[in-house]
Amino acid sequence: MTPADLADAIVAAIGRAVADGDLDVTVPTTVTVERPKTPGHGDYASPVALQLAKSARRRPREVAEVLAGRLVTQSGIASVDIAGPGFLNFTLAGGALGEIARTVVRAGESYGQAAKPRDVRVNLEFVSANPTGPVTLASARWASVGDALGRILTAAGFSVGTEYYVNDAGVQTERFGASVLAAAAGREIPADGYHGAYVAEIAAAVLAARPDLLDLPEGEALAVSTEQGLALMLTEIRSTLEGFGVHYDRWASEQALHAAGALTRAVEDLRGQGHVYDADGAVWLRTTDFGDDKDRPLVKSDGRPTYFCADAAYYRDKRGRGFDQLVYLLGADHHGYVARLKAIAACFGDDPATSLDVIIGQLVTLSRGGAPVKMSKRAGTFLTLHDLVDAVGVDAARYSLVRSSLDSALDLDLDLVTRQTSDNPVFYVQYAHARISSLLRNAEALDLAVVPDTADVALLTHPREVDLLRGLGEFPRVIEAAATLRGPHRIARYLEELAGVYHRFYDACRVLPQGDEPAGQLTAARLLLVAATRVVLANGLGLLGVSAPERM
């Protein structure tokens, strides 16, 4: 019996109590089931009676007594005790906890995923760096976290669309084009332009494609340099991210929004909502009505739309494509965008609390031997994703970038990340999977197969076996928490804890027979437990976009 199974049993018991007239409450769709802090208090606990007491207009212990009487008769539950003000403490029947191993192996790759899809479509936008340079180290963190979050939300039952917004219109693209043209012509790059060896590389590629570039009129040459330079840079960005294991469902273009008239329609819609006014020759959105510190211009006095106008059009475009929730992953320098995006949502008539989620992440730095790693030679002024991958590899980079909460700054120690020892978290987790794979290969060599249907899981009673079973049972709830709280790092920390529990189990419980010792029923049960652990480790690493090696 998994915690999810027990939660379903509690919900069913509440439903029966309501039907019998013993409780007058709204039956919840789910309830909290947790592992008690004190092992002697049982296998699992639930505060559901305390949560229902107010609406039931009864004392928590009375509610607990109503539920305990119904739950104690359930298959797989040995006893239900009422503790403190009304906590329900559950002790599972012999073998019920062991059934977790059987459930995991039977479910395989689907274990941990939501039993049924939610009727919620989520648009997840992340990275969205300007196509004017390589993917930076900061963007690498958003790539790792964003891709993992998309996988986790999907596993939790959400319908997810991942998206990269290409800012291919505006002043920064004009400066990039001017920089490329200057490099192609051998001129000094403008002070406000883009510097670094990559600009010269892009310029050389543009010249190779258009040998007549420098013979064109200045305006036309600038247009060609801008268009082709952006296209080449975007191709590199896509290639870099795909090599990092990040694949987007959609690459959205700001230019395309302009060309389709989306900005004009957004202004018209907002004006129709009564939130637009004209002043000083410009068009303004009254965002102060919804918590912004000042009103924002949509169209400048010269008739050109602002970046904010494009943001509003893009929000409208996403909602128009049927997404219920829009999730943005933004860098630490984008705090000001939170209030603006919320104001946009409110001005379009949405409730920002339900339609919008803006996640702000902190920066990442690299160090080696306690000293910061210097800037990239190719980029000129910053470190890139390529620099990180070249130093540590994709798996170590992705795992290291995702294992810390986004709201904390991250300093990656390259020496630690590449070390093949237990103090390196990614090695520690991957090694647990590889160690299990080796054990199962040895079992096959002894003609010992993992047979979920016949293994006697009631034999799994050793404290280390119980710890491991409970850990495996937590995985679905960890996924749910990571999805709800937008915290992929919760998966990483869970995997590290599970790997530790497995290593302690392996040290205490011999799995394979030695010498001429026959394999008994306990061997079969422990092989099933080991196989279940491998499934969960592989599934968890997969949610982070990290491989689960069978040999190390």
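A salt bridge here is a side-chain nitrogen of Lys or Arg within 4 Å of a carboxyl oxygen of Asp or Glu. By that rule, the count comes to 33 salt bridges. Keep in mind that this is a predicted model.

Start with R102. Its partner is E99. The closest N and O atoms are 3.0 Å apart. Both residues sit in helix 4, which covers residues 99–107. They are three residues apart, about one turn of the helix. Are the two partners buried or exposed? R102 is buried, at 8% relative accessible area. E99 is partly exposed, at 29%.

Next pair: R486 and D357. Their side chains form a salt bridge, 2.8 Å from N to O. What does this pair tie together? R486 lies in the loop between helix 18 (463–484) and helix 19 (489–508), and D357 lies in strand 11 (residues 356–360), so the bridge links parts that are 129 residues apart in sequence. R486 has a relative accessible area of 16%, so R486 counts as buried, the limit being under 20%. D357 is partly exposed, at 24%.

D507 is exposed, at 61% relative accessibility. R435 is partly exposed, at 21%.

Now the network. Which residues are joined by salt bridges that share partners? E163, R250, D317 and R321. Those shared partners make them one network.

Last, the helix contact. Two packed helices are described by the angle between their axes and the distance between the axes. Take helix 2, residues 48–56, and helix 3, residues 60–71. Their packing angle is about 115 degrees. Their axes are 8 Å apart. That angle makes helix 2 roughly perpendicular to helix 3. The crossing of the two is right-handed.

Which residues meet there? From helix 2, V48, A49, L50, L52, A53 and A56. From helix 3, P60, V63, A64 and L67. The residues of this contact divide into ten nonpolar, no polar and no charged.

To recap. R102 pairs with E99 within helix 4. Helix 2 packs on helix 3 with their axes 8 Å apart.

Notes:
Residues are numbered from 1 along each chain as its sequence is written. This is a predicted model: local features need pLDDT of at least 70, side-chain atom pairs count only at pLDDT 80 or more; totals for chains, interfaces and linings use all residues. Side-chain values use heavy atoms; hydrogens and water are left out. Axes are lines fitted to C-alpha atoms, for helices over the stretch in contact, and angles run from 0 to 180 degrees between N-to-C directions. Helices (H or I, at least four residues) and strands (E, at least two) are DSSP runs, numbered from the N terminus. Angles under 35 degrees count as roughly parallel, over 145 as roughly antiparallel, 65 to 115 as roughly perpendicular and the rest as oblique. A crossing is left-handed if the near helix is turned anticlockwise from the far one by less than a right angle, and right-handed if clockwise. Contact means heavy atoms within 4.5 Å. Ala, Val, Leu, Ile, Met, Phe, Trp, Tyr, Cys and Pro count as nonpolar, Asp, Glu, Lys and Arg as charged, and the others, Gly among them, as polar. Buried means under 20% relative accessible area, exposed over 50%, partly exposed in between (1.4 Å probe, protein chains only).
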